[in-house]
Amino acid sequence: MSQPPHQPASALDFSVVAVDEVSRSFGRRRALSRVSLRASQGEILGVLGPNGAGKSTLIAILATLLRPTTGQVRYGDAAASEGAGLRARIGVLGHDLFLYPELTARENLEFFAGLHAVGDPVAAADAALSRAGLGARADDPVSSFSRGMRQRVALERALIHGPRLVLLDEPFTGLDDASASALVARLRQLRDAGAIVVVATHDLELAEQLLDHTLFLRDGRPAASMPRPDRLRAVYQDVMRQRPDEAQP
Amino acid sequence: MSTERRGHAAGSPFARSVWLVLRKDLTVEVRSGEIAYTTLFFAASCVLIFAFALVKEGRAPEGGAAGILWIAILFAATLALGRGFERERQSETLRALLLAPVPRPAIYVGKLLGIVALLVAIEAVLLPLVAFLFTARLFAHPFWLAGIVLTCTVGLASVGTLFAAMLVRARSRDMLLPVLLYPIVVPVIIAGVQGTAALLQPTVEIALVRFWLLLLVTFDVVFVVLALWTFEAVMSD
């Protein structure tokens with residue numbers, strides 16, 4: 001993914017994201033403990049783990065929405081403190097969809113395209129609606145959409161500015177088989193175009209088709225990390241059965 | 001938001017972001033009417049109840065109109081501020097705003113202008129209602145009245161917008177907002193009440209009105225500068 005023409009001049013670019021010994025606490029509760037990872041351009045990294053494992057916290061830290069309590073995240077040569085220039089190259093699809101239900105799909109996409117200083121927000125929204133297969137419902141309020149349709153709009157919102165780093169937290173929630181397959185294809189396209197894609201998911205079958213590298217989290221700690229695991233479900237069950245002192249960092 | 005619009009607003013990134021956030025808030029409000037209707041109903045009920053209780057044989061207590069006007073506006077503002085940010089919390093759209101590569105104080109200014117616009121619309125209904133029910137000569141000096149009302153509204157909204165944003169993830173935000181807001185805006189409310197009361201005197205002392213107006217302008221400048229300075233920090237994490 002080369003620098004898209006609509007990126008503001010101040011947008012930073014990078015080809016690798018490195019998380020180094022990152023921990024995050026909320027009060028006395030430690031949500032993440034000494035997590036390290038590295039994701040490069042043209043790679044899909046999966047973050048797998050049960051509920052409460054720290055996946056969403058890790059995504060929020062990568063998105064610069066949370067600061068690590070200890071450790072650091074580097075985006076190429078840049079730190080998270082780079083601010084707006086860095087945020088211009090990050091796209092996030094959260095567990096919540098970040099859409100205004102009273103606005104139409106087109107209005108939501110135009111609004112976020114405008115905030116990201118996309119050169120022509122109207123054309124960008126039209127193209128995004130077409131990719132989402134929602135051209136016919138473009139002027140309907142998002143509140144009238146099914147969960148799967150909202151998810152498709154939310155994905156396009158996250159990608160409307162051509163981000164280098166794409167962060168997805170449970171992106172398959174609410175999608176039917178066809179939509180989930182379309183999303184898998186879209187994420188592969190993003191990878192092939194040079195994006196760094198990080199996916200936190202529970203859906204092991206879809207993850208198996210998609211991931212280039214996998215980080216397993218348990219109780220906020222890295223339980224294992226491996227490239228392209230075959231038989232992901234079996235590996236996942238093995239990793240989650242291990243005692244914490246057997247965990248492979 | 002018109003679908004016929006092409007391109008995005010010209011100008012600096014700051015001004016463009018303010019305009020986008022403001023236009024989005026106004027579009028959502030025009031479409032849902034949720035905050036405007038509930039706030040207006042609440043404020044008008046407040047004024048009506050005071051009028052029934054205090055106005056006897058067509059005569060209102062001296063200074064009552066100014067006090068009741070600003071009680072109604074203060075309560076309406078509290079309601080509007082809480083609901084305005086509740087909307088951003090429900091779909092976590094505040095996170096999406098914070099993720100955008102825009103100066104974060106621009107988000108504050110956009111939200112502030114949206115709240116001010118909403119309160120001005122409510123005041124446009126409340127002022128004639130209070131003037132009628134309390135037989136108050138509120139519109140004898142319309143420009144001075146507009147100055148007092150606008151500066152007092154900006155003062156209330158500038159502090160309230162900052163606190164409402166700070167509290168958006170607090171579980172007891174509905175209780176905490178007035179607890180934090182009211183002590184800080186006491187000087188603004190006093191200036192608003194005194195300035196309005198001065199305008200209702202049989203012989204209006206313009207120097208006195210000007211004094212309260214200047215005081216309100218000073219509060220506004222101080223509060224807005226402080227809020228712009230602190231917004232980025234309070235919204236981080």
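Predicted model: local features only at pLDDT ≥ 70, side-chain atom pairs only at ≥ 80, totals over all residues.
I began at strand β6(A), which four bridges join to β7 (residues 165-169) of chain A, the two running parallel. Strands here are DSSP runs of E with at least two residues, helices are runs of H or I with at least four, and both are numbered from the N terminus. For two strands to count as paired, DSSP has to find at least two bridges between them. I picked out one bridge: A:Gly91 has A:Val166 in β7(A) as its partner.

Residues are numbered from 1 along each chain as its sequence is written, with chains lettered from A and ligands numbered from 1 in the order written.

Next I looked up the whole sheet. It is open and mixed, with six strands of chain A in the order β6-β7-β8-β3-β9-β10. At the edges I found β6 (90-93) and β10 (221-227) of chain A, each pairing on one side only.

Then I turned to the contact between the chains. Chain A puts in 33 residues and chain B 27, where contact means C-beta atoms, placed from the backbone, within 7 Å. On the chain B side, α1 (13-32) and α4 (93-99) are the elements giving two or more residues. The largest share, eight residues, comes from α1(B).

How values were computed. Contact = placed C-beta atoms within 7 Å.
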